[in-house]
Amino acid sequence: MRYRLREKLIPVQSEEELQEGELFVELISEESYRGRENKSSADRRLIQSLDVLQYCKVDIQKDCIIGTFVIPSKKNLLGREEGFGFYLDKHKITFVGDETFVLEILRYLEENQVWEKAGIHHFLFTFIEYLIHDEIRFLQQYEERLTDLEEFVEKQRSRNLSKDLLHIRRELLRLSSYYNQLVDMSDTMAENYNHLLDEDDRMLFQLLSGRISRLTAYIQNLRDYALQIREMYQTQNEVHQNEVMQLLTVVTAIFMPLTLITGWYGMNFANMPELAWKYAYPVVAAVGILLVLGEVLYFRKKKWF
């Protein structure tokens, strides 16, 4: 699939020829790219990167720029990722691999994007900008989820939040890593080692780097928020456990005198006069009841339960 790059992306039919020096965008499969003849050193290097596709990066060559994208799926951040590479020079950008994902972006740009000044490096800026265009709203969903979890903690509802909070923090960490990679890509482009970019395009990548850095800061705030909720939840559990232990301690203390009396009169010595007294049982029972009532009143006065 090929597009002419002018004020808009214009699809090019397979039989059409592109003029020399004309700006265009190309999407091909990884298999087709590997099968090309007369590969340059940059082509071979890009193929090596595709063999171990792990993260987003940019590699500045003498007369071109190559790189890879590894994009986490919004539906499952800890699952499958979208990965593809690109080759960029003065006149064209070639995307290699994951044709379905890239084609969806190109069709969106074809329908909605207009460039006042056509430029192949400006197109790459627009492409990366599209990848993060809806991130604030996506991150706000995490903020809403965390707020809901905080309400569960405050209302002391019965729910194990540790697993939910751990999952959210892992997803946010994955997003933070992805954004940091995009920041590194943008900074590398802005440094313009091979002087392929003009000053306007270089400034665009600087602005893009700042924008993605703010997303990274937002994620850090969300991770801190999740950590605070987790600490609040653990503190609440500890308080509840302390209350249970205090109650058990009070109950044990209340019945300890009865245990002492039971042990005392369970010795059955021959010369214990109470054993032969006909009022011994009711008196001991009354003493036990009075002890329990006295301890209950004392503990309530001290607000121990």
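Arg-4, Arg-6 and Glu-22 are joined in a network of salt bridges, a salt bridge being a side-chain nitrogen of Lys or Arg within 4 Å of a carboxyl oxygen of Asp or Glu. The model is predicted, so local features need pLDDT of at least 70 and side-chain atom pairs count only at pLDDT 80 or more, while totals for chains, interfaces and linings use all residues. Residues are numbered from 1 along each chain as its sequence is written, and side-chain values use heavy atoms, with hydrogens and water left out.

**Salt bridges**

By the salt-bridge rule the count comes to 14.

| Salt bridge | N to O distance |
|---|---|
| Glu-135 and Lys-74 | 2.4 Å |
| Glu-82 and Arg-80 | 3.2 Å |
| Lys-92 and Asp-89 | 2.9 Å |

Helices (H or I, at least four residues) and strands (E, at least two) are DSSP runs, numbered from the N terminus. Glu-135 has a relative accessible area of 1% and is therefore buried, where buried means under 20% relative accessible area, exposed over 50%, and partly exposed in between (1.4 Å probe, protein chains only). Lys-74, at 37%, is partly exposed. Lys-92 and Asp-89 are both buried.

**Aromatic pairs**

The structure holds 14 aromatic pairs. Rings of Phe, Tyr and Trp (its six-membered ring) pair if their centres lie within 6.5 Å; planes under 30 degrees apart count as stacked, over 60 as edge-to-face and the rest as tilted. Phe-69 and Phe-86 form a tilted pair, with 5.5 Å from centre to centre and 40° between the planes. Because Phe-69 lies in strand S5 (residues 65–73) and Phe-86 in strand S6 (residues 76–88), this pair ties together parts that are 17 residues apart in sequence. Phe-69 is buried, with a relative accessible area of 0%, and Phe-86 also counts as buried at 0%.

The rings of Phe-125 and Phe-205 have centres 6.1 Å apart and planes at 80°, so this pair is edge-to-face. It links distant parts of the chain, 80 residues apart, with Phe-125 in helix H4 (residues 120–131) and Phe-205 in helix H7 (residues 199–265). Both Phe-125 and Phe-205 are buried.

Ring pairs also link a cluster made of Phe-69, Phe-84, Phe-86, Phe-95, Phe-101, Trp-115, Phe-123 and Phe-127.

Ile-132 sits in the loop between H4 and H5 and is buried, with a relative accessible area of 2%. Ile-132 and Leu-103 are 29 residues apart in sequence, and their C-alpha atoms are 17 Å apart in space.

Helix H5 spans residues 135–154 and includes Glu-143, which is partly exposed at 34% relative accessibility. Glu-143 gathers with Glu-144, Asp-148, Glu-151 and Glu-154 in a patch of negative charge on the surface. Patches are made of residues with over 30% relative accessible area and no salt bridge, like charges being joined within 9 Å and nonpolar side chains (Val, Leu, Ile, Met, Phe, Trp, Tyr) within 5 Å. Asp and Glu count as negative, Lys and Arg as positive.

Notes
Areas by Shrake-Rupley, 256 points an atom, 1.4 Å probe, with all protein chains shown as cover. Charge placed at Lys NZ, Arg CZ, Asp CG, Glu CD.
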